[in-house]
Amino acid sequence: MHRLNDNRVDWVDYAKGFCIVMVVMMHSTLGVELAAGREGWMHAVVEFARPFRMPDFFLISGLFLARVIDRDWRDYLDKKVVHFAYFYVLWVTIQFAFKAPMFAAEQGWTGVGLSYLEAFIEPFGTLWFIYLLPIFFVFIKLTRRVPWPAMMLLGAGMEMAHVSTGWTVIDEFAHRFVYIYTGYIFARQVFALAAGVQARPGLAAVGLALWALVNGGLVMAGLADKPGISLGLGVIGAGAVVTVAALMARSDLFQALRYCGRNSIVIYLAFFLPMATTRAVLLKTGIVPDLGTVSLIVTAVGVIGALVWYWAVRGTPLRLLFERPAWARLKPARGPVLQPAE
């Protein structure tokens, strides 16, 4: 198993990079298609990834939880709750600052203020992932003495129930808990899978081809969202992403994707502005006639633009956009006064 110089596991970064690009691609493609009123060829790619895109992200988020689950509550809450709360509050405020004029034209400035306050109850836009993570982390710590088979049954049952209340927290908790808990409980098996893939790349490639056929076939048949099937595709698809990541980690050809994985939260926080700007320019000018190509360009600019934003503020006071300052911690900082978003 390859490790990076700072003790990071390389295939995990590849998996995170793969998933964050898929997330940006989804938002970019659906946004372009909504604005244009029609679909492009990228729609098929987004649909293919839908069964496993977020399940893998949550599974990866649970992989290292066992290392910190038994820490005292103050330290745990600082790293697993306050950390994400800081970035959520900050970036909700930034997004509202950019979108406030549009909201004000639709509902008045009083409506903008109410919508801003509502964002602390109902997660806003693309930021629901980092809103939900702390809830999962606290819940798993509170229930760590509950036998894991019971928790797995609970998670599987919630996923298969396809809960739909209209409240993102409840619905996504029910849909995603089983995946983050799987990462937490079966971390050793996931790492063993990655090691086995790297030891037998040919067999892994055959398995990936079979998975792609099954996943694509069920998506095309409209069955991917059916109870039981969605859970199976989510778990197996997460395993497929681990497999792809482990294969990528065998060489240095995909270092850019690994870098995206190392900075996945940075991209997640900041991609909205370059994405929205590029979409508006391309659709208004019509300089690129093919809608699928527009979606691909918007995706690339969303990812790269977020990283450029990050590079631009490093070493300046604005680095607090991506690094948590000492005052936003539950205990005095040790070492660096800022904690990176990841």
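Which residues are linked with Glu 47 in a network of salt bridges?

1. The network joins Glu 47 with Arg 50 and Asp 225, a salt bridge being a side-chain nitrogen of Lys or Arg within 4 Å of a carboxyl oxygen of Asp or Glu. Please keep in mind that this is a predicted model, in which local features need pLDDT of at least 70 and side-chain atom pairs count only at pLDDT 80 or more, while totals for chains, interfaces and linings use all residues. Residues are numbered from 1 along each chain as its sequence is written, and side-chain values use heavy atoms, with hydrogens and water left out.

2. Between Arg 50 and Glu 47 the closest N and O atoms are 2.9 Å apart. Arg 50 counts as partly exposed because its relative accessibility is 30%, and Glu 47 is partly exposed too, at 23%; here buried means under 20% relative accessible area, exposed over 50%, and partly exposed in between, with a 1.4 Å probe and protein chains only.

3. The structure holds 7 salt bridges, and one of them pairs Asp 70 with Arg 144, with the closest N and O atoms 3.1 Å apart. This pair links distant parts of the chain, since Asp 70 sits in the loop between α3 (53-62) and α4 whereas Arg 144 sits in the loop between α5 (128-142) and α6, 74 residues apart. Helices are DSSP runs (H or I, at least four residues), numbered from the N terminus. Asp 70 is exposed, at 56%, while Arg 144 is partly exposed, at 27%.

4. A further salt bridge joins Arg 176 to Glu 172, at 2.9 Å between the closest N and O atoms. Both residues lie in helix α7, 4 residues apart, or about one turn of the helix, and both Arg 176 and Glu 172 are buried.

5. Asn 215, in helix α9 (residues 201-220), counts as buried because its relative accessibility is 0%. The side chain of Asn 215 reaches the backbone oxygen of Phe 48 at 2.9 Å, a polar contact being a pair of N or O atoms within 3.5 Å, where within protein one must be able to donate a hydrogen and the other to accept it, and residues adjacent in sequence count only if both atoms are side-chain atoms.

Terms used. Helix = DSSP H or I, 4+ residues; strand = E, 2+ residues; numbered from the N terminus.
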